[in-house]
Amino acid sequence: MGRMDGKVAVVTGAASGIGAATTDRFREEGAIVIGWDLDGAEVDLDVRDEDAVRGAFADVVAAHGRLDAVVHAAGVAGGGPAHLVPVEEWDRVISINLTGTFVVGKHAVAVMLGQDVVDGERGSIVNIASVEGLAGTEGGSSYNAAKGGVVILTKNMAIDFGRSAIRVNAVCPGFIDTPMLRGVFEMEGMGPIQDDIAAAHQLGRLGRPEEIAASCLFLCSSDASFVTGVSLPVDGGYTAGHRHGVSELMGLA
Ligand SMILES: NC(=O)c1ccc[n+]([C@@H]2O[C@H](COP(=O)([O-])OP(=O)(O)OC[C@H]3O[C@@H](n4cnc5c(N)ncnc54)[C@H](O)[C@@H]3O)[C@@H](O)[C@H]2O)c1
């Protein structure tokens with residue numbers, strides 16, 4: 001028996017990285033998953049396109065009768081020090097990463113509000129935010145602002161829709177080995193910084209997309225029936241604190 005048997009889920013950003021891993025894991029656990037992405041998934045759409053998102057949710061309900069879970073993983077890297085970021089680039093990152101989250105959440109909730117409570121809830125939404133939405137990082141600017149917005153939007157939606165039996169949570173991944181991160185690491189000068197980024201995780205490594213998929217599974221499953229409004233770091237200890245060499249003095253690794 002799977003932990004998502006018979007559940008109907010939409011995963012955005014399903015063609016790559018975290019979204020693809022989440023799609024695979026949910027299917028292994030018995031869910032019907034409809035993947036959305038710009039291309040390469042079941043449904044081609046841009047998460048900023050409100051008419052397309054509204055229509056695609058209507059198609060899910062027409063085909064499967066219900067929408068139990070949404071994992072919103074579509075997103076892009078971006079940022080730069082504020083004095084070097086053109087407004088157009090700022091708008092692009094904010095619109096995909098934050099406005100896209102709003103558009104998907106808005107229309108997911110609209111569907112869920114209209115359906116019956118099953119197994120104690122109408123539905124569950126998980127937004128993929130980031131550790132970069134919990135604290136600043138060098139050169140983050142638009143990306144951090146967008147992810148910080150996702151964290152607060154998630155809390156607000158949890159408040160607004162909790163009494164309607166809809167749970168809304170976020171996962172805040174550390175740095176995860178996906179095509180997005182590989183693209184960032186391939187940028188000029190980033191080579192030596194890779195090891196430093198991996199070392200900033202207390203487990204001493206980057207994360208794997210499957211490890212984020214597992215947390216999405218938990219948050220969408222009945223195991224998390226009393227969990228809403230959280231922004232769960234799944235980050236190998238990235239947000240736990242800092243090391244300054246004292247562990248080596250104490251004979252630790
Ligand atoms: N990889 C990391 O280190 C990391 C860390 C923290 C958070 N995240 C977040 O996790 C999510 C998934 O990232 P990933 O690392 O798997 O990246 P990825 O690039 O491998 O996958 C992202 C997917 O989103 C899709 N996408 C981008 N813009 C879209 C749009 N406007 N409409 C529809 N789809 C769109 C892309 O086509 C791509 O398939 C993103 O929100 C990202 O910000 C990633």
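User: Which residue of β6 is the bridge partner of Ile125?

Analyst: This is a predicted model, in which local features need pLDDT of at least 70, side-chain atom pairs count only at pLDDT 80 or more, and totals for chains, interfaces and linings use all residues. Residues are numbered from 1 along each chain as its sequence is written. Strand β5 (residues 123-128) pairs with β6 in the parallel sense over 6 bridges (strands, E, at least two residues, and helices, H or I, at least four, are DSSP runs numbered from the N terminus; pairing takes at least two DSSP bridges). Within β6, the bridge partner of Ile125 is Val168.

User: Which residue of β7 is the bridge partner of Ala170?

Analyst: Strand β7 (residues 231-234) also pairs with β6, in the parallel sense and over 4 bridges. In β7, the bridge partner of Ala170 is Ser231.

User: How many of the residues of β6 are buried?

Analyst: On one side of β6, Ile166, Val168, Ala170 and Cys172 are buried, and on the other Arg167, Asn169, Val171 and Pro173 are buried as well (buried: 20 or more other C-beta atoms within 10 Å of the residue's own, placed from the backbone; exposed: 12 or fewer; partly exposed in between). Strand β6 (residues 166-173) is therefore largely enclosed by the rest of the structure, the buried count being 8 of the 8 residues.
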